[in-house]
Amino acid sequence: MKKISSHYSVVIAILVVVMMTSMCQAVGSNVYPLILVPGNGGNQLEVRLDREYKPSSVWCSSWLYPIHKKSGGWFRLWFDAAVLLSPFTRCFSDRMMLYYDPDLDDYQNAPGVQTRVPHFGSTKSLLYLDPRLRDATSYMEHLVKALEKKCGYVNDQTILGAPYDFRYGLAASGHPSRVASQFLQDLKQLVEKTSSENEGKPVILLSHSLGGLFVLHFLNRTTPSWRRKYIKHFVALAAPWGGTISQMKTFASGNTLGVPLVNPLLVRRHQRTSESNQWLLPSTKVFHDRTKPLVVTPQVNYTAYEMDRFFADIGFSQGVVPYKTRVLPLTEELMTPGVPVTCIYGRGVDTPEVLMYGKGGFDKQPEIKYGDGDGTVNLASLAALKVDSLNTVEIDGVSHTSILKDEIALKEIMKQISIINYELANVNAVNE
């Protein structure tokens, strides 16, 4: 049989992409509704302070910071540009703190701190983390605009958002996780409502980063019959299936997440208490080589198997028990979600592979040895999901956050969404 030349192969590939894109643009009504599930820090979070709140300094007094509040005393906790100013960084960290209650076996806010997630069911809190600083805090804006322009989706009609309190995480079977479990219930109701309002069509779940872990466990906790009726496809962008090595730096030395002028040690306290941050620590299922340390110090080296000693040595021994009992069992096995899955992620970006601490200890930032990944999540973790009906798309040179705005990445995402919608467009064309 005569082989097709590489030239013609390229031409055919281009024609397929053009056909899919044109089809997507022309038949915007022929789409499966889509729900966006953001990553860690990927949506706005609001707070109000009651009489039990005890400010750690005069700067943190509720009457001083912030001065302007919404009705009922609510104001934006994340993202707030005041975190850039040192006196208010501590206030922000105090209000973001979670506390583990061993009697309840669950996490809760600091005393006097009430939080809420605004605009559940809408993309409003996912587009920008601070609407006053749209350029600087844009998150899913470019993705939503691409879905509208290229595929004919309609914001808040066929594209919905499922924001959540990203500080909280799920817990292993037999352990309560009130906040995160409520989110899964809300997500289920949103899926059913969205399907009902879109002629009974099943829903595409599109996640970014940590959102992929939530969606995976959400699907694991539904029945096969429910998934067949309500879920068309699961598209996971940059999902950290096996955690990340960079998360050990967050626990050891703090992580400013790219926010300038912030001292990482000032935010380290609340980052350690975040239940979801523990969920993102490297898993032994992926980082299973005991001969390759992830953290190197003059005294001790740590692999993913020594997380309890790592916690104790960085001064966070109170995190050992909840991590081992509530979080670790969640990471030991990646369960199949029972629906078709498309994983899209970047690679070829320098990503922390080994953290090397010197005599200054964990209060100093480490030297870093880099490996492959998307700049945040290691390639081994991005590629760790092994299930039936899996489609994997790797994009060279695209980072963990730029996957939501990079032109090449957005084109690939739109292509995959249009392929999922292609079957629906054909059925509707026949019926017409």
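1. In what follows, Ala, Val, Leu, Ile, Met, Phe, Trp, Tyr, Cys and Pro count as nonpolar, Asp, Glu, Lys and Arg as charged, and the others, Gly among them, as polar. By these classes, the lining of the largest pocket has 22 nonpolar, 22 polar and four charged residues.

2. The model is predicted, with local features needing pLDDT of at least 70 and side-chain atom pairs pLDDT 80 or more, while totals for chains, interfaces and linings use all residues. Residues are numbered from 1 along each chain as its sequence is written, and side-chain values use heavy atoms, without hydrogens and water.

3. A pocket here is an open set of points, on a 1 Å grid over the protein atoms alone, where a 1.4 Å probe fits, with protein on both sides within 12 Å along at least five of seven lines, and its lining residues have an atom within 4 Å of a point. The lining of the largest pocket comprises 48 residues, and Asn40, Trp78, Leu257, Gly258 and Thr401 lie nearest the centre.

4. The structure holds one disulfide, a term for a pair of cysteine sulfur atoms within 2.5 Å; this bond joins Cys60 to Cys91, with an S to S distance of 2.1 Å. The torsion about the S-S bond of Cys60 and Cys91 is about -85 degrees, so the disulfide is left-handed. Both Cys60 and Cys91 are buried, meaning under 20% relative accessible area with a 1.4 Å probe and protein chains only.

5. Cys343 is also buried, at a relative accessible area of 4%, but its sulfur is 19 Å from the closest cysteine sulfur, that of Cys151, which is too far for a bond.

Notes:
Buried means under 20% relative accessible area, exposed over 50%, partly exposed in between (1.4 Å probe, protein chains only).
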